[in-house]
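Trainee: Could you walk me through one part of this model up close? I'd like to start with the aromatic rings and then move over to the ligand.

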Amino acid sequence: MKTMNILIIDDEPGMRSGVVKTLNGHTIAMPQFHEEIRFSVTEAETGNAGLDQLRETRVDIVLLDYKLPDILGLEVLNRLTDENIDVLTIMITAYASLEVAVSATKSGAFDFLAKPFTPAELKASIQKAATRLFLQWQAKQLAEEKRQVISVLAHELKSPINAVAGYLALMQDRVSGDRLDDYGDMIGRSLIRLDGMKKMIMDLLDLTRIESGNLKRTLDNVDLRQCADDAVMGVTPDAQKRQITISLDAPPHLMIEADTAELSMIFNNLLTNAVKYNQDKGRVRLLLAEKDAHVQIICEDTGIGISKEDQKRLFGEFVRVKTNETRLIEGSGLGLAILKKIVAANDGEITMESEPGKGTTFMVTLPKKQAGGEPA
Ligand code: ADP
């Protein structure tokens, strides 16, 4: 629930109390954003008193009477512009003349309300203003998120570049002598950092393609069991290095209508994490099951687990849990964000349960048939 502050500037006490009564605590829904907005109303009797409030506190929408005892509503509007006070203005006027409307619009008024108005008319006008404001807030938030993504990305790419540049400089100075064999460790570390960087760039490309809708989806009848088998094979070498066992519990065939590449991404992300964030000699259990018109993919591990606090933010972009245990594990923090977007594109659901020190379980539910889609 978000709150928008409304200020009514009007010298008629009856008008002010009517607005307060109609709007204080009134809520409107923004269903497309799963958000609700409530209003909190304050009052001012004169133009100057209103301007003082606007200077001192955050006001989102001002209901401004055209004719005030000290200065005209138009003058208030002009001062708002001069002083760079960002607020959406609804002009209240008894003289609904074209001339007034033109000059108020020129001075930046967003809407008009002709006196006398009913509570329903007031609510409709506020709904229009609140929707506009809310969209502006959303756009601002999006721009801020984009800025953050770019700054995290720059930071994440800078650190491997610095590390590799450091190793190359040491090699150039021949710090360990002239034999190439003596630089094996530095070369190995450089390759690991470069590999991490490459993975991050690939993840980022996947994510932007999914977000822009440019990732071409080809729906086929796919055997989920086969996909799971292939993904298990893919992570087995890494698991074996740390004596982690992976078991697959699934019917011999489980057909679903989906894009094979997307299913592979789901399995790879789940299994790679279940291995990466596991203890040595740990276990990973992958379960596939059919449930009515859906399939369930459950990936359980006996790994380091994730605290309740971190669980809330894990599906965001570039989110990585920073603890002593994860310090040396390479990753982009994009895998779960990608997973979530793919699952959403399939009208599915992803949930998780985890206990630090015990392990983590991810549960993905996908429809067996895509809504409105015929297999290719
Ligand atoms: P990363 O590339 O860092 O692995 P992900 O988006 O796949 O990025 O995961 C985000 C973070 O969530 C990881 O950095 C890790 O801290 C945590 N995480 C993901 N899966 C698991 C898991 N199975 N067990 C413990 N922590 C996990």
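How many aromatic pairs does a search of the whole structure find?

Mentor: Keep in mind that this is a predicted model. Searching the whole structure turns up 2 aromatic pairs. One of them is made by F315 and F362, and it's edge-to-face, with 6.4 Å centre to centre and 90° between the planes. That geometry counts as edge-to-face because the planes are over 60 degrees apart. The pair ties together distant parts of the chain, with the partners 47 residues apart: F315 sits in the loop between α9 (308–311) and α10 (335–345), while F362 belongs to strand β13 (residues 359–367). Both F315 and F362 are buried.

Now for the ligand. It's surrounded by 18 residues, and the closest are Y277, D301, R320, S332 and L336. Sorted by class, that shell has 8 nonpolar, 7 polar and 3 charged residues. An oxygen atom of the ligand lies 3.0 Å from an N or O atom in the K276 side chain. On its own the ligand would expose 530 Å², and the protein buries 98% of that. As for which elements build the shell, α8 (260–276), α10 and β13 each give two or more residues to it.

Methods
Residues numbered from 1 in each chain as written. Predicted model: local features only at pLDDT ≥ 70, side-chain atom pairs only at ≥ 80, totals over all residues. Heavy atoms only, no water. Phe/Tyr/Trp six-rings, centres within 6.5 Å; stacked < 30°, edge-to-face > 60°. Helix = DSSP H or I, 4+ residues; strand = E, 2+ residues; numbered from the N terminus. Buried < 20%, exposed > 50% of the residue type's maximum accessible area, 1.4 Å probe, protein only. Near = heavy atom within 4 Å. Polar contact = N/O pair within 3.5 Å; in protein donor to acceptor, adjacent residues only side chain to side chain. Areas by Shrake-Rupley, 256 points an atom, 1.4 Å probe, with all protein chains shown as cover. Nonpolar A, V, L, I, M, F, W, Y, C, P; charged D, E, K, R; others polar.
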